[in-house]
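Please look over the sequence and the model shown here before reading the report.

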Amino acid sequence: AHGTDGHLVAVLQGGYVLARAADTTEPFDQAVSGVLALLAAIR
């Protein structure tokens with residue numbers, strides 16, 4: 001689970017950085033949606 005945790009954090013951080021750079025929430029919203037989909041798939 002620890003590897004998965006790190007990947008999820010990396011996806012969210014990447015989305016945050018892209019959102020800040022683009023001055024829009026869209027990349028972060030997409031990252032959150034992707035993380036939620038992954039979590040739903042591994043349940």
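## Basis of the model

The model is predicted, so that local features are reported at pLDDT of at least 70 and side-chain atom pairs at pLDDT 80 or more, while totals for chains, interfaces and linings use all residues. Residues are numbered from 1 along each chain as its sequence is written, and side-chain values rest on heavy atoms, with hydrogens and water left out.

## The chain as a whole

The protein chain holds 2 helices and 0 strands, where helices (H or I, at least four residues) and strands (E, at least two) are DSSP runs numbered from the N terminus. Along the principal axes, its C-alpha atoms fill a box of roughly 35 × 15 × 5 Å.

Of its 43 residues, 14% count as buried; the term buried stands for under 20% relative accessible area, exposed for over 50%, and partly exposed for values in between, with a 1.4 Å probe and protein chains only. The chain exposes about 3400 Å², of which carbon and sulfur atoms supply 64%; accessible areas come from the Shrake-Rupley method with a 1.4 Å probe, and for residues only the protein chains shown count as cover.

Leu8 lies in helix α1, which covers residues 2-22, and it is buried, with a relative accessible area of 13%. Leaving aside residues up to four places away in sequence, Leu8 touches Val35, Leu38 and Leu39, a contact being heavy atoms within 4.5 Å. The C-alpha atoms of Leu8 and Leu36 are separated by 9.4 Å, although the two residues are 28 residues apart along the chain.

Gly14 also has its place in helix α1, and is partly exposed at a relative accessible area of 28%. From Gly14 to Arg43 the distance in space is 24 Å, C-alpha to C-alpha, and the separation in sequence is 29 residues.

## Helix α2 and its two faces

The 17 residues of α2 should span 24 Å at 1.5 Å a residue, and the end C-alpha atoms are 25 Å apart, which agrees; the expected span is 1.5 Å times one less than the number of residues.

The buried residues of α2 are Pro27, Ala31 and Val35. Seen down the helix axis, these buried residues fall within an arc of 75°, so they line one face of the helix, the arc being that of the directions from the axis to the C-beta atoms. On the face of α2 turned away from that buried side are the exposed residues Gln30, Leu36 and Ala40.

## The loop between the helices

Asp23 sits in the loop between α1 and α2, and at 74% relative accessibility it counts as exposed. The phi angle of Asp23 is near 55°, a positive value in a residue other than glycine.

## A nonpolar patch on the surface

Which residues form a nonpolar patch on the surface? They are Tyr16, Val17 and Phe28, with about 280 Å² of accessible area together. Patches are made of residues with over 30% relative accessible area and no salt bridge, joining like charges within 9 Å and nonpolar side chains (Val, Leu, Ile, Met, Phe, Trp, Tyr) within 5 Å; a salt bridge is a side-chain nitrogen of Lys or Arg within 4 Å of a carboxyl oxygen of Asp or Glu.

The C-alpha atoms of Val17 and Pro27, 10 residues apart along the chain, are separated by 8.5 Å.
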